[in-house]
Amino acid sequence: MNRRAKNLALMKPFFDLEANKALADARPYDMHLLCSVLMEAIIADMSGSSGGAPYSVILREVSKIALKVNPQATESELDRLTSHLIDHLSSQRGRDHFEITYQVVTPEGDVTRLSHAYRLLEQKLSPEDELVYVATPEAIHIYLSGLGHELEAEQAANDAILEHYLSRGKHKEAGEAAEMARKRSVELRARLRSWLIAAERSFEEIQYVGHVLPQLTEMQQHIRARGAIEQRQIEELQSRAIQLPPGDEGRTNLISARKAIEEASHEHTRLLTDLQQCSRTLLDFQSRQRFRLGDSPAMPEPVTEFLHPVLALNLQDLDRGLPRLLPLLLPPRLPMLPDLPVLLDALLADIRVVMDRSELEPLSEVTEDLPVAKRFTPELCATVDEFLQNFGAAYTFSSLLEAADKKFGRHSPEMAYLTVMVPQWFENEVADGRFARPACRQFETAGRFGDELEITMSRTA
Amino acid sequence: MTNDQTNALFEAARLVRLAINARETVARNREYQQLLQRFHTDPEFRDLARTVARGLDLQIFELARDVGLAVVNVANGPYAPTLDDFRGGMRARERIVYGLLLAMLAAYVYPTRRAIGELDDSSVVSIELRSLVEWASTAAREMRQSASVTDVASPELRSGFEAIAMLEPFGDGHATLHYRFRYILEWLGKNGLFACREEGGRELWIARPHYRIQARHLMLGTHAALLEWLGQRAARTEGS
């Protein structure tokens, strides 16, 4: 009863499609019928190689029924109708889920509320990278239950058979043995690959006659033996499984065992293919390497054996050969992997430069006096003193600046020293011997201007 | 080292090399199928492959058996994309807009934790570019009035949302939301995370299982709060 209550609640999306079909401009159609056709098409294709039904198949099946209801329906209307069905049953194409809330009776007799999230259709990419639709277990369960079997009557009849079969446990042992054989085939295929890799390097490595040939024979015997056993087991399990109702635990066990044996059988088939190819390839290696010297070929002479022939190529030949030469000339590059977190961090990085400053930085406990750089070096002072000694005993400040401009340059440090030092002669230190008196006029020369000075040098300086 | 060990090492490295390409499928590549089978059935080989990957600063994630493996960078790995790998010459404002659109795409595809599913889930999500653009345009405009966005976005990111809100959703030329989302989807498609298919006259963008791996890492990363906030808006739009 609880299971049926849940099943009824699971069917709500189908009822919603029918109830809201006016909004989708689908009034002429019975959405229950179209959903049934859609589910049939999808479930039928799920066992195929693509693992699901592509849109084209669903459209074809839905269109067959829709055109019987509305023969005037255009292609775009049929597309719109089919897309509407898929969009709804796939919960907005996978972005959402259906969620139902239903009540059940507990073993203690209370009524409690449960919720369940599910989808009816899912999208997958087929092995050929095409978009296909698959039905979820809930959808398959709803669809198959709707077939109307008298499950109770069949159940009673099959219980006796199932009990007999399960008590023997044959199908479980068969499944386990098949799994072991499958793993053995996987291991043997790996061994074949290793022989091929080693033989390509050097045929002597693999000890073809003494080691490989006997094992190839053993592999053939393994495949032959398993093939006969597994075929018989698959037929037996299939005939027993279809006698049980869907969803029955016994049927599930039988199907699991059958799948394990089928997978093992497929693996043996792949092993057989690899075995045949390996045998041919190893024989080919043997004949090609038999007369090989065994040493790697000598490097060509770079100029005469490589460069000259390349330069002698015409443009057409060079164009053909360049795509093969170019990767050898360039260093290998690391591939770029689309790391979205790193990319998003880079795109959303703060555009302001963050300055990590604190006004409350503690003062250093150790201080030291830094030496102050002198503006005028002793050598510069000596040069200017010598210039002044030779300039004369009496002159004006402006004439001194003009002469210094010609000798040292207007922006030289010697000029700067003169403009700083000479006005200090106002101090009139007698030991200095230099006297500077204002001339009561202004001067402007050599890029400087100010009060003119008359300078005299006493003989005692 | 024995011959078998050498061969196992060779095949483990070969498997990592094949798995690095997200567009590789077991159906198209028989060698990949064989190596994958060995990976799933041989525990020692599986450990060896993981060790080889780790040595290359990579990490292997197992997807569904019929899909294969996903290989992602470990933190600070050398294979991480730079901004130039994505789109060169972007100004700061444009960079932030693209970053926000990348986050909005992830939140739209997987609006809830339930939607993102399990790692080995082989089901995929598909979206229409038109619906994505319409949602993003509406959501960006709503963010102007939303006070809660300050909890998950800095002033620069909020100004990015304003820039998105001011973009024309559709139209010709490069100054539209549609152009930018298409650029992102095509870049993700080129790198194996999305596939584009036509169905019933509609263009569907399918998020591959490899994109699920990346989205899970995004939702655990620096901008997890922003993604969750965006996802709530995407889920709310769906339910309404």
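This is a predicted model: local features need pLDDT of at least 70, side-chain atom pairs count only at pLDDT 80 or more; totals for chains, interfaces and linings use all residues.

Reader: How far apart are B:Arg158 and B:Leu100 in sequence and in space?
Author: They are 58 residues apart in sequence, with 9.7 Å between their C-alpha atoms.

Reader: Let's zoom out. How many helices and strands are in chain B?
Author: Chain B has 11 helices and 5 strands. Of its 240 residues, 52% are buried. If you take the contacts in chain B between residues at least 6 apart in sequence, 61% of them join residues at least 24 apart.

Reader: And what does the secondary structure of chain A come to?
Author: Chain A comes to 16 helices and 8 strands. Its 461 residues include 37% that count as buried. Its accessible surface is about 29100 Å², with 55% belonging to carbon and sulfur atoms.

Reader: Now the place where they meet. How much area do chain A and chain B bury between them?
Author: About 5700 Å², and 57% of that is on carbon and sulfur atoms. Three residues of chain A, namely A:Arg95, A:Leu337 and A:Leu347, supply 15% of the area that chain A buries against chain B, more than any other three residues. In terms of residues, the contact takes 55 from chain A and 67 from chain B.

Reader: You mentioned A:Arg95. Where does A:Arg95 lie?
Author: A:Arg95 sits in the loop between H5 and strand E2 (98-105) of chain A. With a relative accessible area of 4%, A:Arg95 is buried, because buried means under 20%.

Reader: What does the side chain of A:Arg95 reach?
Author: The side chain of A:Arg95 reaches across to chain B, to the backbone oxygen of B:Tyr108, at 2.5 Å.

Reader: How many salt bridges are there between chain A and chain B?
Author: There are 6 salt bridges between chain A and chain B. On the chain A side, the elements giving two or more residues to the contact with chain B include helix H5 (75-89), helix H8 (170-201) and helix H13 (340-347). The interface also has 20 residue pairs in polar contact.

Reader: Which residue of chain A does B:Arg197 meet in a salt bridge?
Author: B:Arg197 meets A:Glu130, at 3.5 Å from N to O. The pair runs from strand E4 (residues 194-199) of chain B to the loop between E4 and E5 of chain A. B:Arg197 is partly exposed at 21% relative accessible area, and A:Glu130 is also partly exposed, at 40%.

Reader: What about salt bridges inside one chain? What does B:Arg38 pair with?
Author: B:Arg38 forms a salt bridge with B:Asp42, and their closest N and O atoms are 3.6 Å apart. B:Arg38 is buried, with 15% relative accessible area, whereas B:Asp42 is partly exposed at 23%. Elsewhere, salt bridges that share partners join A:Asp87, A:Arg93, B:Glu128, B:Glu199 and B:Arg202 into one network. One link between the chains is B:Arg202 with A:Asp87, at 3.3 Å between the closest N and O atoms.

Reader: And where do A:Asp317 and A:Arg320 lie?
Author: Both lie in helix H12 (residues 315-329) of chain A, 3 residues apart, about one turn of the helix. A:Arg320 is exposed at 56% relative accessible area, whereas A:Asp317 is partly exposed at 28%.

Reader: Last one! Which residues form a nonpolar patch on the surface?
Author: A:Val303, A:Phe306, A:Leu307 and A:Leu311 form one, with about 370 Å² of accessible area together. A:Val303 is in helix H11 (residues 302-311) of chain A, and A:Val303 is partly exposed, with a relative accessible area of 41%.

Note on methods:
Residues are numbered from 1 along each chain as its sequence is written. Chains are lettered from A and ligands numbered from 1 in the order in which they are written. Side-chain values use heavy atoms; hydrogens and water are left out. Patches are made of residues with over 30% relative accessible area and no salt bridge: like charges are joined within 9 Å, nonpolar side chains (Val, Leu, Ile, Met, Phe, Trp, Tyr) within 5 Å. Accessible areas come from the Shrake-Rupley method with a 1.4 Å probe; for residues, only the protein chains shown count as cover. A salt bridge is a side-chain nitrogen of Lys or Arg within 4 Å of a carboxyl oxygen of Asp or Glu. Helices (H or I, at least four residues) and strands (E, at least two) are DSSP runs, numbered from the N terminus. Buried means under 20% relative accessible area, exposed over 50%, partly exposed in between (1.4 Å probe, protein chains only). Contact means heavy atoms within 4.5 Å. Buried area is the accessible area (1.4 Å probe) that two parts lose on being put together, summed over both. A polar contact is a pair of N or O atoms within 3.5 Å; within protein, one must be able to donate a hydrogen and the other to accept it, and residues adjacent in sequence count only if both atoms are side-chain atoms.
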